[in-house]
Each structure stands twice: as structure tokens, then as C-alpha cells.
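Please look over the sequence and the structure below before reading on.

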Amino acid sequence: MRFQKWMAWAAVGLAISLCVIWSAIFLISRPSASAVSQSSALITVIPAPTQTQTPTITPTVDPATIIETGGLAVGGVAQITGTDGAGLRLRENAGTAALVKFIAMDSEVFEITEGPVEKDGYVWWHIVSPYDESRSGWAASSFLSAIVRQD
């Protein structure tokens with residue numbers, strides 16, 4: 001029994017001695033505050049470009065012949081809007097007398113492939129579904145909203 005107590009005290013003493021030695025080594029090997037150097041960053045200031053003058057362009061088209069497109073353009077994307085749930089008739093050709101191919105519902109999105117064509121009091125655009133090319137036709141711009149792509 002005495003041997004076990006003696007061994008326990010020896011183990012505790014050894015552990016304490018190792019901790020003291022480790023702490024001393026750590027404190028001795030730690031660099032002093034004066035030995036730590038401060039680093040600096042190099043900053044390069046790049047001046048902003050100066051604004052260049054843009055040339056004045058004189059229109060060669062009579063303003064009376066310009067069709068207001070509302071941001072719609074060939075190659076753009078349009079969404080069906082403003083039908084109050086009735087949908088928009090997409091037709092075989094531009095004009096109200098053309099045969100209706102199908103009805104596109106509000107919020108549907110289409111790619112614009114042709115236009116604009118002014119007929120029967122509307123500006124018409126040929127639109128195609130990006131998911132089903134058979135869903136295509138001419139649509140009145142009054143029910144189309146241009147969508148800006150976030151590429």
C-alpha cells in the first residue's frame with residue numbers, strides 16, 4: 001500500500017516537473033515584443049479614367065416614323081403581362097385578322113425573333129417559347145414587357 005502511495009506521489013511530482021520545464025522552455029523561446037517587427041502594406045493608387053467626349057449624332061430618320069418599342073427588341077426576351085388572366089392570342093401573322101395559333105398566359109416568357117411591325121393599331125413582335133419552338137406567333141406589344149437578362 002505504501003508503495004502505491006509513493007508511486008502516485010512520484011507520478012504527480014513528475015507531471016508537475018514536466019509542466020514547469022515546458023513552461024520555462026515556452027517563455028524562453030517566445031520572441032519579445034521588441035523582436036516582433038511591424039509589417040507594412042504597399043498601396044498603389046490608380047487614377048480613375050477621364051470622361052471622353054461623345055460625338056453628337058444627328059438622326060437621319062424622321063422622328064414621326066419611329067415605332068415606340070418599350071424596350072422590346074429582336075434577340076430580347078419578353079413576358080406576357082396585362083391580360084387579366086384571359087391570356088394573349090398569338091397569331092400566324094401580324095394583325096388582328098390573322099389566325100390565332102394558341103393563347104399564351106400571363107407571366108410566360110418568350111424570345112423575340114422578328115419585328116416590330118405596325119398593323120391594326122398595334123405594334124407586333126414575333127415571339128418563340130425558349131422551351132417549345134412550336135409555341136410561336138405574333139403578339140401585340142401592348143401585352144408584352146421587356147425582360148433584362150442578367151448574364
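## Terms and overall layout

A residue is called buried when its relative accessible area is under 20%, exposed when that area is over 50%, and partly exposed in between. This is a predicted model.

The chain has one helix and seven strands. Read from the N terminus, the order of these elements is α-β-β-β-β-β-β-β. Of the 151 residues in the chain, 20% are buried. The accessible surface of the chain is about 12000 Å², and carbon and sulfur atoms account for 59% of that surface. Taking contacts between residues at least 6 apart in sequence, 54% join residues at least 24 apart.

## The largest pocket

Rolling a probe the size of a water molecule over the atoms shows where empty space is left. The largest pocket holds about 200 Å³ of space. Strands S2 (88–91), S5 (122–128) and S6 (136–140) are the elements that each give two or more residues to the lining of this pocket. The largest share comes from S2, with three residues.

Residues that line the largest pocket include Leu88, Arg89, Arg91, Tyr122, Trp124, Ala139 and Ala140. Ala86, Gly87, Thr96 and Phe143 are also among the lining residues. Sorted by class, the lining has seven nonpolar, two polar and two charged residues.

Histidine 126 is in strand S5. Is histidine 126 buried or exposed? Histidine 126 counts as buried, because its relative accessibility is 13% and the cut-off for buried is under 20%. The side chain of histidine 126 makes a polar contact of 2.7 Å with the side chain of threonine 113. Leaving out residues up to four places away in sequence, histidine 126 touches Glu111, Ile112, Thr113, Glu114, Ser136, Gly137 and Trp138.

Serine 136 is in strand S6. Serine 136 has a relative accessible area of 10%, so it is buried. With residues up to four places away in sequence left out, serine 136 touches Leu90, Lys101, Phe102, His126, Ile127 and Val128.

## Backbone exceptions

Most residues other than glycine have a negative phi, and most peptide bonds are trans. Where does the chain have a cis peptide bond? A cis peptide bond joins glycine 115 and proline 116, with omega at about -5°. Proline 116 is in strand S4, which covers residues 109–119.

Aspartate 84 is not a glycine, yet its phi is positive, near 55°. Aspartate 84 sits in the loop between strand S1 (77–80) and S2. The relative accessible area of aspartate 84 is 78%, so this residue is exposed. Aspartate 120, also not a glycine, has a positive phi of about 55°. Aspartate 120 is in the loop between S4 and S5, and its relative accessibility of 43% makes it partly exposed.

## Two glycines in loops

Glycine 82 is in the loop between S1 and S2. Its relative accessibility is 52%, so glycine 82 counts as exposed. Apart from neighbours within four places in sequence, glycine 82 is in contact with Asp106 and Phe143. Phe143 is also one of the residues lining the largest pocket. Glycine 82 and leucine 144 are 62 residues apart along the chain, and their C-alpha atoms are separated by 8.1 Å.

Glycine 75 is in the loop between helix H1 (2–29) and S1.

Note on methods:
Residues numbered from 1 in each chain as written. Predicted model: local features only at pLDDT ≥ 70, side-chain atom pairs only at ≥ 80, totals over all residues. Heavy atoms only, no water. 1 Å grid on protein atoms, 1.4 Å probe; cavity = no way out; pocket = protein on both sides within 12 Å on 5 of 7 lines; lining within 4 Å. Points joined across faces, edges and corners; volume = space filled by probe spheres on them. Helix = DSSP H or I, 4+ residues; strand = E, 2+ residues; numbered from the N terminus. Nonpolar A, V, L, I, M, F, W, Y, C, P; charged D, E, K, R; others polar. Buried < 20%, exposed > 50% of the residue type's maximum accessible area, 1.4 Å probe, protein only. Contact = heavy atoms within 4.5 Å. Areas by Shrake-Rupley, 256 points an atom, 1.4 Å probe, with all protein chains shown as cover. Polar contact = N/O pair within 3.5 Å; in protein donor to acceptor, adjacent residues only side chain to side chain.
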